[in-house]
Each structure stands twice: as structure tokens, then as C-alpha cells.
Amino acid sequence: MSERGERPKDTTGSPAHAHGTEATETFLTHRNLLFTVAYEILSSAADAEDVLQETWLRWADVDLGAVRDQRAYLVRITTRQALKRLRTLGRRRESYVGPWLPEPLLTAPDVAEDVALADSVSTAMLLVLETLTPTERAVFVLREVFDLAYDEIAEAVGKSPAAVRQIAHRSRAHVAARRPRGGVSPDEARGALTAFQNAIETGDLQRLLDVLAPDVVLLSDGGGLRKAAPAPVVGADQVSRLLGKIGPAASLRQAQVNGQPALIVEAGGVIETVMTMRVEDGLITGLYAVRNPEKLSRMERETAVSR
């Protein structure tokens, strides 16, 4: 592989060509898995894509004949690259302006039907994972979400299987103490979202209060690039007043984001906010509004064809 990531031209049927074909097919077969691993470790689709590029560059130079389990080998490369990037990102987030939220990710409708996967990529869960150390986070994701064996995880994070077992136990307890209470069905979540959307579109403050939990918390991430609340907004009255400022010119539409029903707020044909939520007992207990345009650029591209 050249430094620019371009393979040299090969004659069809040559060993180099056969290697390239097998490497490409294997990588593409597992690409969705690798992306999800990287995204759950990094909470950023853009960074996950960069990690996949680094993974491919390394994978293309591997002697496939010496690889016993190609899937595990790819997961190992991806995890190591994601951990390396996560440690760099952690330093950048220390100087982040205002609340930090994960980059919203459009997800296919069938993701919501896979309760475990939908929960693992939800904004609420990703925020819990942010409280783990990088190694704890990787171990938790690989073990609890993807059910990898301890020896496979040990290879990926550079620890012994015994150490990985201890880390897995510690991270599992940490997450259990902080994760949101039992989730709701997709239908319940959509119902709460629709009621929330109708209340905002009609400007009906009482209908809005009826769908918000008394202690609801709103986090708004503008990254210093777009106006946002500089600190968490707590309480139905405070949150409803802030949401009431969404102008009548704004367009609200539902989408599947991070495995959950969400609202995309547009103005002038441009996405201004992507809002996911946490629903418990039929009420919205958490609202996560991403307004940082750098975190919305991918979604802007992916949704442009449908507008």
C-alpha cells in the first residue's frame, strides 16, 4: 500500500490481485460492524470513518494467510485505532465550549427493533460511556454490546484476559449505576415524540408541559459555533420556555437517530438542530439538542437527497 492509500496496479489473476480482492471483500463484509465499534467508542461518525480508513490501510498490508480469525483481527485493528483517537479527543473536549454531546447518527428503522443495539447507540447511553476511561469503554462495548470473548478483547486492548475480566466487571457496574432506567418500546417513544412535536408546532405551552417530566433536563451543544444554552436546563417550566423560542418558520420532521425517534429542526432548508430524547413512563425526562454545525454536516449530506 502506498502512503496515499492507493494499491499498485496488478495484473488480473496475480497473487497480489487475489490478495487485494480477498482483503477488500472481507473488509466490506465487516464494515458495518467495524463502524459501529468505532462509533460507540468515539461517539463521532466522522472520527469513526477516519478510524475505518486507518483500519483499511493496515488491513490491506496484512498477510491474510497468517490470520486465523479475520473478523477478530479487523476488530482488533479498529479498536486500537479508536482508542488512540479517543485519547486525543479527550484532551480536545477539555476545552469544549458548553455541554458536549455525541454526533447524531442516522440509523435504519430496523435498528430500533434490536433493543440492545438501539440502547447502546442512544445518546443517553453514549453519555454514560463518556464517564468511563478509554480502555473501560472499549472493553464494555466489545463485551456487552458485541459479546466478544475475553481473549479477543484482550488482544484488542493490549491487556491480559484476567485484567479484561476485571475491567469488564468494573465498567459493567459503573454503567449499571448510571444508565437510564428501563427503556420504552419504539411505539411509546414515537408517541411521546409526536406529542412533543405537535406542542411545539402549535405553540401550546400546556401540551408541552404535559409531555415533559417535571425534572426534565435539556442539554444543548452549540460548540461555540451556534447559540446554545451554556449549561444544562432543568425543569419543565424552564425547558418549555426555551423550546418556545423555536420560531414558526422552523420546519420539524421526525427521523430515526441513534436508534431512537428524533426531531430534525430546519430553517431555510438547513438543519439547525437534531434533538433526541429519553422517555420514561410516557414522559420526556431528557432532551439532547445538537446544534454544532460541525456535528450536523454528515446528517446534512445524508438527508439532502430527501429534501
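Is Val274 buried or exposed? Select Val274 and display the surface of the chain: this residue counts as buried, because its relative accessibility is 1%. The model is a predicted one, and the stops that follow describe that prediction.

**First stop: around Val274**

Val274 sits in strand β5. Show every residue that touches Val274, leaving aside its neighbours within four places in sequence: Pro104, Val257, Leu263, Ile264, Tyr288, Ala289, Val290, Leu296 and Met299 are in contact with it. Next, draw a distance from the C-alpha atom of Val274 to that of Arg253; the two residues are 21 residues apart along the chain, and the separation is 9.9 Å.

**Second stop: the cavity**

How many cavities of 30 Å³ or more does a search of the whole structure find? The search finds 1, and the volume of the largest cavity is about 50 Å³. Strands β5 and β6 each contribute at least two residues to the lining.

Side chains of opposite charge can pair when their charged atoms come close. Across the whole structure, a search finds 15 salt bridges; several are visited here.

Arg253 is in strand β3 (residues 251-257) and Glu266 in strand β4 (residues 260-267), so the pair ties together parts that are 13 residues apart in sequence.

Now select Arg76 and Glu155, whose side chains meet in a salt bridge at 3.5 Å, N to O. This pair links distant parts of the chain: Arg76 lies in helix α4 (residues 70-93) and Glu155 in helix α9 (residues 150-157), 79 residues apart. Arg76 has a relative accessibility of 19% and therefore counts as buried. Glu155, at 43%, counts as partly exposed.

Move to Glu280 and Arg278, where the side chains meet in a salt bridge at 3.1 Å, N to O. Glu280 is buried, with a relative accessible area of 11%, and Arg278 is partly exposed, with a relative accessible area of 22%. Then select Arg31, Glu49, Arg298 and Glu302 together: salt bridges that share partners join these four residues into one network.

**Fourth stop: two backbone angles**

Most residues other than glycine have a negative phi, and most peptide bonds are trans. Where in the chain is Asp281, and what is its phi? Asp281 lies in the loop between β5 (270-280) and β6 (283-290), and its phi is near 55°, a positive value in a residue other than glycine. Asp281 is exposed, with a relative accessible area of 68%.

Continue to Ser43, in the loop between α2 (31-42) and α3 (45-59). Its phi is near 60°, again positive in a residue other than glycine. Ser43 counts as buried, because its relative accessibility is 1%.

**Last stop: the whole chain**

Among contacts with a separation of 6 or more, 65% are between residues 24 or more positions apart.

Finally, colour the chain by pLDDT. The average is 88, and 90% of the residues score at least 70.

Technical notes: Residues numbered from 1 in each chain as written. Predicted model: local features only at pLDDT ≥ 70, side-chain atom pairs only at ≥ 80, totals over all residues. Heavy atoms only, no water. Helix = DSSP H or I, 4+ residues; strand = E, 2+ residues; numbered from the N terminus. Buried < 20%, exposed > 50% of the residue type's maximum accessible area, 1.4 Å probe, protein only. 1 Å grid on protein atoms, 1.4 Å probe; cavity = no way out; pocket = protein on both sides within 12 Å on 5 of 7 lines; lining within 4 Å. Points joined across faces, edges and corners; volume = space filled by probe spheres on them. pLDDT = per-residue confidence, 0-100. Contact = heavy atoms within 4.5 Å.
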